[in-house]
Amino acid sequence: MELPRIHCDKSRVIQILTILLDNAITYTLPDGMIDLEIFVKKRSVCYLVADHGNGIPDEEKERIFDRFYQSDKSRKEKEHFGLGLSIARELTELQKGKLTLTDTPGGGCTFCLMLPAAEEGNVT
């Protein structure tokens, strides 16, 4: 099945997906898997990135998109500063899209990047 085109800034979408993949790699347990999926939902193209790590408690889910917020307080590495997901959400909104977080069945987090499909005759 061919996916519809989206009207977006390609480099920004790559940046968003890179942030989501980096986050999934960081929080996936050793020998764990990351699931990637792309599909059409209503008039949007959806990119799913799912890890099978420890997940995020419900009370922290909305804060995960705040600048400098890190769910795992025990992390001592300074490789991550808690900016990635806030940047990803801002870039998504600039693309007129939506970035959501849900639980991965069996444990972990699933991020869904939804970008509106371009109307016919208005594609890039």
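Of the 124 residues of the protein chain, 37% count as buried. The model is predicted. Its accessible surface comes to about 8,100 Å². Carbon and sulfur atoms account for 54% of that surface. The protein chain contains two helices and four strands. From the N terminus on, these elements run α-β-β-α-β-β. Among contacts with a separation of 6 or more, 60% join residues 24 or more positions apart.

The largest nonpolar core holds 22 residues. Leu20, Phe111 and Leu113 touch the most other members. Two or more residues of this core come from each of H1, strand E2 (44-51), H2, E3 and E4. H1 gives the largest share, six residues. The contacts of Leu113 were listed without residues up to four places away in sequence. On that count, Leu113 touches Val13, Ile16, Leu17 and Leu20, together with Val45, Cys46 and Tyr47. Thr92, Lys98 and Leu99 are also among the residues that Leu113 touches.

Helix H2 spans residues 84-94. Its buried residues are Leu85, Ser86, Ala88, Leu91 and Thr92. The cover over these buried residues includes H1, strand E3 (98-103) and strand E4 (109-116). H2 is followed by Lys96, whose phi is positive, near 60°.

Gln95 is found in the loop between H2 and E3. Gln95 counts as buried because its relative accessible area is 10%, under the 20% cut-off. The side chain of Gln95 reaches the backbone nitrogen of Asp9 at 2.8 Å. Asp9 is also listed among the residues that Gln95 touches, along with Cys8, Arg12, Leu115 and Pro116. That list leaves out residues up to four places away in sequence.

The surface also carries a nonpolar patch. Leu21, Ile25 and Leu36 make this patch, of about 290 Å². Ile25 lies in helix H1, which covers residues 10-27. Ile25 counts as exposed because its relative accessible area is 56%, over the 50% cut-off.

How values were computed: Residues are numbered from 1 along each chain as its sequence is written. This is a predicted model: local features need pLDDT of at least 70, side-chain atom pairs count only at pLDDT 80 or more; totals for chains, interfaces and linings use all residues. Side-chain values use heavy atoms; hydrogens and water are left out. Patches are made of residues with over 30% relative accessible area and no salt bridge: like charges are joined within 9 Å, nonpolar side chains (Val, Leu, Ile, Met, Phe, Trp, Tyr) within 5 Å. Accessible areas come from the Shrake-Rupley method with a 1.4 Å probe; for residues, only the protein chains shown count as cover. A salt bridge is a side-chain nitrogen of Lys or Arg within 4 Å of a carboxyl oxygen of Asp or Glu. Buried means under 20% relative accessible area, exposed over 50%, partly exposed in between (1.4 Å probe, protein chains only). Contact means heavy atoms within 4.5 Å. A nonpolar core is a set of buried Ala, Val, Leu, Ile, Met, Phe, Trp, Tyr and Cys residues joined through side-chain atoms within 4.5 Å. A polar contact is a pair of N or O atoms within 3.5 Å; within protein, one must be able to donate a hydrogen and the other to accept it, and residues adjacent in sequence count only if both atoms are side-chain atoms.
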